[in-house]
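Subject: Structure handover and notes

Hello,

The structure is placed below for your files. My notes come after it.

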Amino acid sequence: MTPVAPLTLVVGGTGRVGARVVERLIERGGGGVRVMARDASSEGAKKLASMAGVQVIQGDATRAEDCARACEGTSAVIACFGAQRIARLSDVLAVDGSPEREAAHPRNVNYGAVETLARCAADAGCARFVRVTGMSVGYPAFDWLAVLLNVVLSMTIQWQLAGEIAIRKICREAKNGMKYVIVRPGNLSDDEECAKDETGNRRVLLGSGDAHVHAGKVSRNDVADVIVEALGRSQCENVTLSVAGSVTPSGGMRTELVWDPARGMHWQTVELEKTVSEGTSYLDDRMWRAVVPDSDELKPKPHRRYVAMFLALVAGISVLLANAAVSLARALFF
């Protein structure tokens, strides 16, 4: 059992991942937990406040003064909040950037609030900053899932990536040497059984750095385990962790879609990277032996370009379908 920080701040603690993180921190003991909630009077906040060792304070991560107050006296900060804003047609039509000025926009939550919280954590002398994003943040900008999520959720992947980049920069410049842990889960599920493979055994994957991990369903309980485990492990300093379940035993192999001039686009089987571990529980020390610090430089990706291309494609197809419908109507009725 690994030690945890004397006082840990959890922002987003009333959420489905955050609440599980708080419960595990208290179960492990060795320190208190502070939760910053936008609504400290909510049922979720009240439930957490009733737990011994948990204090709940009201605050908004988009407000610097709230973040600074919440970080006082803490040794670690866990940020497991995120924007849930659905994109609107007006977002495409607006040319003045007004949608991005909304408080709930991913630019202000996934990037602005994360940057503010990380800076306040560094100023408060925190040793560790943990951020939960998503596995699609590591995908190429042209990946179909990244494009769809950006289209539907107001460029959320672009701003999650911007938040990760800001965290790295702040940790590099932190005078106290604050370290970061980025947790990128796959498809989140409340179903504990989702991590069982076809043989009925639990099977989970943990990759570090830019390792390729298939974004299979993963239980929120497993994600909470990874967050708390990473918080107390010495090898988890300046690392990016990919977390997923697997419905089939990998046998140390994975498939990937590739292209070459002779065969075009096709699937090929390759070995799992050495920085990917497969097991039955994230509480198993063996799952963490392959974790290595990030060595790559995280850079912005051209997400907007591929979103624009996708929208242009959709618009073009819509025009073609409309023309076809008009032509058919003329042929039938005129």
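Predicted model: local features only at pLDDT ≥ 70, side-chain atom pairs only at ≥ 80, totals over all residues.

Residues are numbered from 1 along each chain as its sequence is written, and side-chain values use heavy atoms, with hydrogens and water left out.

Aromatic pairs. Rings of Phe, Tyr and Trp (its six-membered ring) pair if their centres lie within 6.5 Å; planes under 30 degrees apart are stacked, over 60 edge-to-face, and the rest tilted. The count by this rule is two. Tyr 111 and Trp 159 are stacked, because their ring centres are 5.8 Å apart and their planes are at 25°. Tyr 111 is in helix H5 (residues 106-123) and Trp 159 in helix H7 (residues 156-173), 48 residues apart. Helices here are DSSP runs of H or I with at least four residues, strands are runs of E with at least two, and both are numbered from the N terminus. For accessibility, buried means under 20% relative accessible area, exposed over 50%, and partly exposed in between (1.4 Å probe, protein chains only). Trp 159 is buried at 10%, and Tyr 111 is partly exposed at 21%.

The other pair is Phe 142 with Tyr 306: centres 5.9 Å apart and planes at 65°, so edge-to-face. Phe 142 lies in the loop between strand S5 (128-132) and helix H6 (144-152), and Tyr 306 in helix H9 (residues 303-333), so the pair ties together parts 164 residues apart in sequence. Phe 142 is exposed at 54%, while Tyr 306 is partly exposed at 23%.

Charge over a ring. Arg 131 lies over the face of Phe 81, 4.9 Å from the ring centre. The criterion is NZ of Lys or CZ of Arg within 6 Å of the ring centre and within 35 degrees of the ring normal.

Helix H7. Of the 18 residues in H7, 14 are buried.

Surface. Leu 332 lies in helix H9 and is exposed, with a relative accessible area of 58%.

Backbone. Most residues other than glycine have a negative phi. Ser 154, in the loop between H6 and H7, has a positive phi near 55° and is buried at 4% relative accessibility. Asn 238, in the loop between helix H8 (220-231) and strand S10 (239-245), has a positive phi near 60° and is partly exposed at 24%.

Regards
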